[in-house]
Amino acid sequence: MKDVIKKYISIFFVLIMVFSMVPQTGFAAAVSTAEFDGVIFDPSTEVWHWPLLSQTKTVTSKFAENRTSWRNPHFHQGIDIGGRNINGVAKVYAARDGVVLEARKGNTFGNYVKIYHGKDKNGKLIISTYMHMYDNSLAVKAGQKVYGGKTVLGKVGNTGSSTGPHLHFQVAKTYSINVANPAHKTYAEVTKNFYNTNVGVMKYVYNSNTSTIVTAEPTATPTPTTSTLKINITSYPTTINQGSSFGLRGNVSSNYKLTSVNGYILSSDGKTIIQGAYDKQNIYNVDIRTSVVNQKLLFDKLSPGSYIYKVTAWDESGANRVWSKPFTVKGKESTLKINITSAPTTIKKGSMFGLRGNVTSNYKLTSVNGYILSSDGKTIIQGAYDKQNIYNVDIRTSVVNQKLLFDKLSRGSYIFKVTAWDESGANKIWSKPFTVK
Ligand SMILES: [Zn+2]
């Protein structure tokens, strides 16, 4: 019996010990949070530190990765940070000043630390959690004050629900410090921004639309600020002369970072002739005047014709704009001229007569023709000047003159005619009546 009583007594004590080990919801009350209760999170100045040394910044699992709902128990409420040879080596730092609420081992969290940092303006508590740390590496105790980026909490490990050495880091906001409930809503903006920036010290953007610093529910994500992306071209050509250069003027601006600004010259059927990219990223304003775009799209290399100038712009929000305008490149004005210095008015039958003069142009002459017409306009004799690619035809030495021999004409009234065309498409006609007696 004695043994039986002893046995029950020992079971009783074991039960007392077991109950005393069960986490109590009031546990955190033992920690004085008073020093940080007055810390109100000001999103405009809030700075968080990367919880590992900055060279360890590989995010192996993102916030909310592959999970669609907060109600999904597998929703990833933080970020996982991994790296080579970090198990039991890489130190985990407090991400911000605060007081340690918990520093112990849990089934799921492994060795973890929870830190209270203060409140948001609605009175919600801001708490960061660091999980899966190496056994016996925890370097802080509940109630201890810690300093962002300075106080070592422990070392990266693979304890709890973890498939490889990594730090699970999350920042949550909650109405109460409840040690038994890990499902604090994640302080999404902070955690997401940690993922986005991946740098040692970061600031995150205050959402002026909602005046909040946190979006607890992904569904309540504030509407992103509308992009103000604008292509503002203040000066552009409508008609330019061939060989002239022209610099576009204007700028591209946005409240989001510009990710690409491109300029194009297209043929009138939309094919790209010249393209230039503005290659500087991470800026909010591109001056077209000084951009590479303008330097590459030199107008002086275009031959006469119709074109389209196009500018496209994209920014980080995904917004895009296109600006386009048609323009014409004009050839130089043709100086084509038929200059006949000596022509017959009356000649005797059987006499020869050589015309004198020349045809000139600043464009290459494509055809020069001479004709003798009857008084009713019918062609009697025709001669073509057959040499191309020249700017000046001397009528005296031309084939035209040799073919249009006056000594073959019978008596009557005639018309002498010279026509000329050049490469610009310009044409001229000279004519004069004469009589064969
Ligand atoms: Zn994780």
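Guide: His 132 is found in strand 7. Bear in mind that this is a predicted model.

Visitor: What is phi of His 132 near?

Guide: Phi of His 132 is near 65 degrees, which is a positive value in a residue other than glycine.

Visitor: Is His 132 buried or exposed, and why?

Guide: His 132 counts as buried because it has 27 C-beta neighbours inside 10 Å, and the cut-off for buried is 20 or more.

Visitor: Which other residue other than glycine has a positive phi near 65 degrees?

Guide: Asn 136 has a phi near 65 degrees. Asn 136 sits in the loop between strand 7 and strand 8 (145–146).

Visitor: And is Asn 136 buried or exposed?

Guide: Asn 136 counts as exposed, because there are 12 C-beta neighbours inside 10 Å. The cut-off for exposed is 12 or fewer.

Visitor: Back to strand 7. What does strand 7 give to the largest nonpolar core?

Guide: First, the core itself. The largest nonpolar core has 36 residues, and Val 92, Val 100, Val 113, Ile 115 and Tyr 130 touch the most other members. At least two residues of this core come from each of strand 3 (79–82), strand 4 (91–93), strand 5 (98–106), strand 6 (110–119), strand 7 (125–133) and strand 10 (167–174). Strand 7 gives the most, with six residues.

Visitor: Why would nonpolar residues sit together?

Guide: In soluble globular proteins, nonpolar side chains tend to be buried together.

Visitor: Which residues does Ile 115 touch?

Guide: Leaving out residues up to four places away in sequence, Ile 115 touches Ala 94, Gly 98, Val 99, Val 100, Leu 101, Ile 127, Ser 128 and Val 146.

Visitor: New topic. How many helices and strands are there in the protein chain?

Guide: The protein chain has five helices and 26 strands. It has 437 residues, of which 30% count as buried. Among the contacts with a separation of 6 or more, 65% are between residues 24 or more positions apart.

Visitor: How do strand 18 and strand 19 pair?

Guide: Strand 18 (residues 305–315) and strand 19 pair in the antiparallel sense, over 10 bridges. Trp 314 stands opposite Asn 320 in strand 19. The two strands form a hairpin with four residues between them, where Gly 318 takes a positive phi near 95 degrees.

Visitor: Which strand runs parallel to strand 19 (residues 320–330)?

Guide: Strand 14 (residues 239–241) runs parallel to strand 19, and three bridges join them. Asn 241 stands opposite Lys 330 in strand 19.

Visitor: Where does Leu 405 lie?

Guide: Leu 405 lies in the loop between helix 5 (399–403) and strand 25 (412–422). Leu 405 counts as partly exposed because it has 14 C-beta neighbours inside 10 Å. Leu 405 and Gly 350 are 55 residues apart in sequence, and their C-alpha atoms are 9.5 Å apart in space.

Visitor: What is the mean pLDDT of the protein chain?

Guide: The mean pLDDT is 76, and 73% of the residues reach 70 or more. Among the elements, strand 9 (residues 152–155) has the highest mean pLDDT (96) and strand 12 (residues 201–203) the lowest (32).

Visitor: Where does pLDDT stay under 50?

Guide: One stretch is residues 1–29, for which the model has nine contacts beyond four places in sequence. Another is residues 195–223, with 56 such contacts. Where pLDDT is low, the predicted coordinates should not be read in detail.

Methods
Residues numbered from 1 in each chain as written. Predicted model: local features only at pLDDT ≥ 70, side-chain atom pairs only at ≥ 80, totals over all residues. Pairing = 2+ DSSP bridges. Contact = placed C-beta atoms within 7 Å. Core = buried A, V, L, I, M, F, W, Y, C linked by C-beta atoms within 7 Å. pLDDT = per-residue confidence, 0-100.
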